[in-house]
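Okay, let's get going. Have a look at the sequence and the model on the screen, and I'll walk you through a few spots.

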Amino acid sequence: RCCIDLHQGKVKQIVGSTLTDKPGDAPVVNFESQMSSSDFARMYQRDGLTGGHVIMLGPGNQQSAMAALSAYPGGMQVGGGIDLENAMAYLEAGASHVIVTSFVFSGAELNLERLEQLVGLVSRERLVLDLSCRKRGDTYFVVTDRWQTFTNLEINEGTLQMLEQYCCEFLVHGVDVEGKQCGIEHELVMLLGKHCTIPVTYAGGAKSIEDLELVKELGQDKVDLTIGSALDMFGGKLAYDQVIEWDKQQS
């Protein structure tokens, strides 16, 4: 699954765990592209990639997100600050789905009323829940507010089965390894493959074709993978064309 991560209106690859709202504290940026969001969207359309995500990391990204969605109508999902006020505008601009995390939480607790309102507005079929998480002890917990705030929601069989009633897909960043090219979160991928019955995309730490094979194996052929910082077009060493070729061979 392809990605366009936006920060301050630019396409960037960032170390996820360094995102912060503290004044003067900038995140660690692995790469900033000279290509626009719409350039990437058109490239993904050319290569027949569907179900990718445009993620707005903080304010100042709406215009770039809209440009990507209009360049590839129906081809990409969008997330980052989605709520009842703006969700339909993104769908009307060309998003296939909206991706939501923080809006459906009140502090550390899941807010089912908000989730049900969102489903009522956009429908289950166009809602993706972002369950990006970090490990505390031996347990993965969903994190919100650009991955800075731990919630009390554990990633486990019960949580996944319950939330599948409200959405058509999950997006899960392994935040502790996001952007670090240090390998995937094996345990998390296994958990998702074991318990998810709807499509799920994992992102975080992938750096090689071997990681694609590993996610396919550990995820029981049910978990898709997003590769970001490791790709050559984002300053990494893994050839984008090689990944595209691997993907074509799976179908």
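Contact here means heavy atoms within 4.5 Å. Quick housekeeping: this is a predicted model, where local features need pLDDT of at least 70, side-chain atom pairs count only at pLDDT 80 or more, and totals for chains, interfaces and linings use all residues. Residues are numbered from 1 along each chain as its sequence is written, and side-chain values use heavy atoms, with hydrogens and water left out.

Back to D211, which sits in helix α7, residues 209-218. Helices are DSSP runs of H or I, at least four residues, strands are E runs of at least two, and both are numbered from the N terminus. D211 is buried but has no salt bridge. Buried is under 20% relative accessible area with a 1.4 Å probe, protein chains only, and a salt bridge needs a Lys or Arg side-chain nitrogen within 4 Å of an Asp or Glu carboxyl oxygen. The nearest side chain of opposite charge, K207, is 6.0 Å away; Lys and Arg count as positive, Asp and Glu as negative, and His and the chain ends aren't counted.

Next, F170, in strand β13. F170 counts as buried because its relative accessibility is 0%. Beyond four places in sequence, its contacts include V128, L160, C196 and V200.

Last one, helix α2: S64, A65, A68, L69 and A71 are buried. They're on the same side of α2, because they cover an arc of only 165 degrees around the axis, going by directions from the helix axis to the C-beta atoms. Among what covers them are β1, α1 and β4.

Technical notes
Buried < 20%, exposed > 50% of the residue type's maximum accessible area, 1.4 Å probe, protein only.
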